[in-house]
Amino acid sequence: MAPLVENEIISGNFNLLIALFIGLGFGFVLEQSGFSSSRKLAGVFYGYDMTVMKVFFTAAVTAMFGLLFFSLFGWIDLEMIYVNNTFLYSAIIGGVLMGIGFIMGGYCPGTSMCAAAIGKIDAMVFIIGIFIGVIIFGIGFPLWEKIYTAKSMGPLKLSDLIGVKDGVFLFLLAAMALAMFYAAEWIEKKFPRDVY
């Protein structure tokens, strides 16, 4: 059945409309969960609030379980799901830069939009910084194009990289998430902060 657009079950325009409502719902849930607070988000780096880590692991396990479950019953064709090409060096450099920006600004791109939508000025300043970075990256792209495209590994999945089936990888990911939840609880008790 899915992907719905590729199988011509829905049109591309209707797909965009669905994406809009999913995005609005996602933003609402982020805000209601406290993810519009830079102090809460930055807490993962200081140990007093590991909610971000818990949510990301929960989302990864839930999404992977859902995709495999849907695939098992023929509701989705995983071979038709687009997987981004992996450019190893630029992924590492980009991850480090984003981490630095996250610590300095207290937001990631998605949560900054969520916070700006409810009028937080620090998030608006953060978004201006994002656009400045995007412009600098675009204008200067010829300068770092070689490092950007270096070590291309194609549309690679972690399960392919370590040579296990997707179901086995889901089990490993779930086990890792459980271990992380336990560690996160321990860290939060070790570095408590009642008010932030």
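Reader: What volume does the largest pocket have?
Author: Keep in mind that this is a predicted model. The largest pocket comes out at about 870 Å³.
Reader: And which residues sit closest to its centre?
Author: Those are G94, L97, M98, G133 and F137, out of 23 residues that line the largest pocket.
Reader: OK, which helix gives the largest share of that lining?
Author: Helix 4, with nine residues. That helix covers 88–105, and it is one of the elements that each supply at least two lining residues, along with helix 6 (121–139) and helix 7 (141–149).
Reader: Switching over, how much space is in the second largest pocket?
Author: About 580 Å³.
Reader: Which residues lie nearest the centre there?
Author: The second largest pocket has 16 lining residues, and L67, V83, K157, S159 and D166 are nearest its centre. Helix 3 (51–72), helix 8 (158–162) and helix 9 (166–190) each give two or more residues to that lining.
Reader: Which helix gives the most?
Author: Helix 3 does, with four residues in the lining of the second largest pocket.
Reader: And what's the breakdown by class for that lining?
Author: The second largest pocket is lined by 12 nonpolar residues, one polar residue and three charged ones.

Conventions:
Residues are numbered from 1 along each chain as its sequence is written. This is a predicted model: local features need pLDDT of at least 70, side-chain atom pairs count only at pLDDT 80 or more; totals for chains, interfaces and linings use all residues. Side-chain values use heavy atoms; hydrogens and water are left out. On a 1 Å grid over the protein atoms alone, a cavity is a set of points where a 1.4 Å probe fits but cannot get out, and a pocket is an open set with protein on both sides within 12 Å along at least five of seven lines; lining residues have an atom within 4 Å of a point. Grid points are joined across faces, edges and corners, and a volume is the space filled by probe spheres set on the points. Ala, Val, Leu, Ile, Met, Phe, Trp, Tyr, Cys and Pro count as nonpolar, Asp, Glu, Lys and Arg as charged, and the others, Gly among them, as polar.
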